[in-house]
Amino acid sequence: MTMQEFYKKSLLILIAVLLVDGLLAALFVLLSQPTYTLSSNAHSGVRWERSTMTDAVMKGTSTIRLLDAPPDAVAFDYKLTRVGPYPFAGAHLVAKDAQGKPAHGDLRRYDTITFVARCKPAYPMLLGVSTFDEKISTRGNFITYRSPETFFSCNQHGVPVSLDLRRMTIPAWWLYMMHLNLSSQDYYLDKVTQFSFGSTSQAAFDVDAHVEISNIVLRGHDYRYLVALAIVVTGSLIVFTMWFFRTHARTLRASLNSKLKKDLPLVAYRQLTLAPYPDEEKASVLKFIATNYTNTELDLDGVVAGTGANRNKVNEVLKTELGMTFTGYVNKLRLTEAARLLTEKSAATVAEIAYSVGYANVSYFNKLFKEEYGCTPKAFRTLAAQQSVPAEPDADTTSPPGMVGSG
């Protein structure tokens with residue numbers, strides 16, 4: 001596999017990994033935000049049945065009437081009167097099982113309740129949550145259940161409401177009634193028996209009021225899925241990175257091995273030394289370049305001066321015989337020799353090798369070498385040490401190509 005094929009394969013694998021991670025991210029984020037609809041339809045074995053409550057239990061005369069509403073909503077009309085010590089009217093969503101018996105919902109996964117509140121006239125309203133407390137509650141007697149509550153606004157146009165279920169307040173009157181300390185504000189959502197939407201002390205008396213609470217949904221945050229997502233994404237990227245660098249190293253070694261076998265000795269120079277050219281002018285040009293390529297001052301004008309051939313002839317020779325430009329051929333000779341020296345001369349520095357093959361600028365040498373071999377000279381030396389390349393049997397690889405056949 002060539003380096004180009006490796007990079008193409010790596011890109012395709014990375015895209016596949018990112019796509020899978022993206023799909024998993026969408027799934028895990030969705031799972032990390034569970035929702036639960038308070039509906040009269042059964043959900044997780046519990047349905048929330050609508051009912052009403054007024055101050056009649058305390059000799060009041062306030063009235064309330066339930067209205068038809070979608071399964072995830074409650075609607076009612078009510079009128080408060082001044083009779084009784086605590087005027088009140090409200091609607092409940094009471095947990096029932098499949099047989100219609102009282103039940104409770106384990107709602108610990110959820111921390112927020114959202115709904116749209118419409119009311120006319122526009123008065124603040126009360127949300128209450130009844131939770132069964134094993135230590136103090138009497139089963140079936142809702143007045144003994146812990147009932148944290150909070151207030152929300154509504155108007156005739158509809159107000160989107162979002163309330164934190166974990167930051168509600170247990171009223172002082174209930175704590176007094178149950179002989180509990182006022183600081184006893186702890187409650188749990190593992191045994192929720194009902195939700196209440198009712199009037200407050202700021203509501204008007206003897207006024208017909210209408211209330212609609214719709215789209216009642218509980219929302220939660222399960223961070224375990226986000227942690228799992230982070231682990232999966234991190235793990236997949238680590239595995240890909242490990243695969244990439246290991247495969248890159250193997251592919252690069254194989255590529256360098258193949259390239260060095262091809263380039264050492266350079267095909268063009270082998271032809272020059274082993275097969276005589278019938279065209280003496282061509283042979284003269286090729287031999288002059290191969291003999292003097294380590295000269296940092298070597299340029300096209302120098303070849304013209306050293307061989308007597310004109311510029312067009314030099315370019316024609318290199319183009320027709322090697323398919324290269326003058327600069328390309330000189331760099332090929334220099335970089336091929338540099339690769340050999342990096343492999344065989346472990347004591348020589350990269351700068352020394354760069355100067356010895358004709359480059360006065362080490363940074364420029366590094367740039368050209370990386371373009372030719374796909375890695376820096378230092379990395380090349382390390383890879384070559386791990387997988388040495390056998391020298392061509394018919395070439396004197398202990399001498400620079402410029403010295404081979406120079407006599």
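In the protein chain, residues 24 or more positions apart account for 73% of the contacts with a separation of 6 or more; contact here means heavy atoms within 4.5 Å. The model is predicted: local features need pLDDT of at least 70, side-chain atom pairs count only at pLDDT 80 or more, and totals for chains, interfaces and linings use all residues. Residues are numbered from 1 along each chain as its sequence is written, and side-chain values use heavy atoms, with hydrogens and water left out.

The secondary structure comes to eleven helices and eleven strands. Both are DSSP runs, numbered from the N terminus: helices are H or I with at least four residues, strands are E with at least two. The chain has 407 residues, and 41% of them are buried. Buried means under 20% relative accessible area, exposed means over 50%, and partly exposed lies in between (1.4 Å probe, protein chains only).

Strand β5 spans residues 89–96, and eight of its eight residues are buried. In a regular strand the side chains alternate between the two faces of the sheet. On one side of β5 lie A89, A91, L93 and A95. On the other lie G90, H92, V94 and K96. Both faces are covered. Two strands pair if DSSP finds at least two bridges between them. Strand β2 (residues 47–54) runs antiparallel to β5 and is joined to it by eight bridges. Strand β10 (residues 192–198) also runs antiparallel to β5, through five bridges. L93 takes part in both pairings: its partners are R50 and, in β10, F195.

F195 also belongs to the largest nonpolar core, which has 44 residues. Such a core is a set of buried Ala, Val, Leu, Ile, Met, Phe, Trp, Tyr and Cys residues joined through side-chain atoms within 4.5 Å. W48, I113, F115, F152, F195 and F197 touch the most other members. Elements giving two or more residues to this core include β5, β10, β6 (110–120) and β11 (209–220). Beyond its neighbours within four places in sequence, F195 is in contact with several residues, among them W48, A91, L93, I113 and L218. Another core, of 22 residues, lies apart from the largest one; M3, L335, A338 and L368 are among its members.

The structure holds 21 aromatic pairs. Rings of Phe, Tyr and Trp (its six-membered ring) pair if their centres lie within 6.5 Å; planes under 30 degrees apart count as stacked, over 60 as edge-to-face and the rest as tilted. Y359 and Y364 form an edge-to-face pair, 6.1 Å centre to centre with 70° between the planes. Y359 also pairs with F365: the centres are 5.6 Å apart and the planes are at 40°, so this pair is tilted. Y359 is buried at 3% relative accessibility. F365 is buried at 0%. Y364 is partly exposed at 40%. Elsewhere, ring pairs link F6, Y7, F240, W243, F244 and F245 into a cluster.

Charged groups also sit over rings. The criterion is NZ of Lys or CZ of Arg within 6 Å of the ring centre and within 35 degrees of the ring normal. The charged end of R334 sits over the ring of Y359, 5.2 Å from its centre. R139 lies over the face of F132, at 4.4 Å from the ring centre. F132 is also among the contacts of K191, as are H104 and E134. K191 is in the loop between α2 (172–177) and β10. K191 counts as buried, at 19% relative accessibility.

Most residues other than glycine have a negative phi, and most peptide bonds are trans. K120 and P121 are joined by a cis peptide bond, with omega about 0°. P121 is in the loop between β6 and β7. K59 has a positive phi of about 70°. K59 lies in the loop between β2 and β3 (63–67) and is exposed at 70%. D206 also has a positive phi, near 55°. D206 is in the loop between β10 and β11 and is exposed at 51%.
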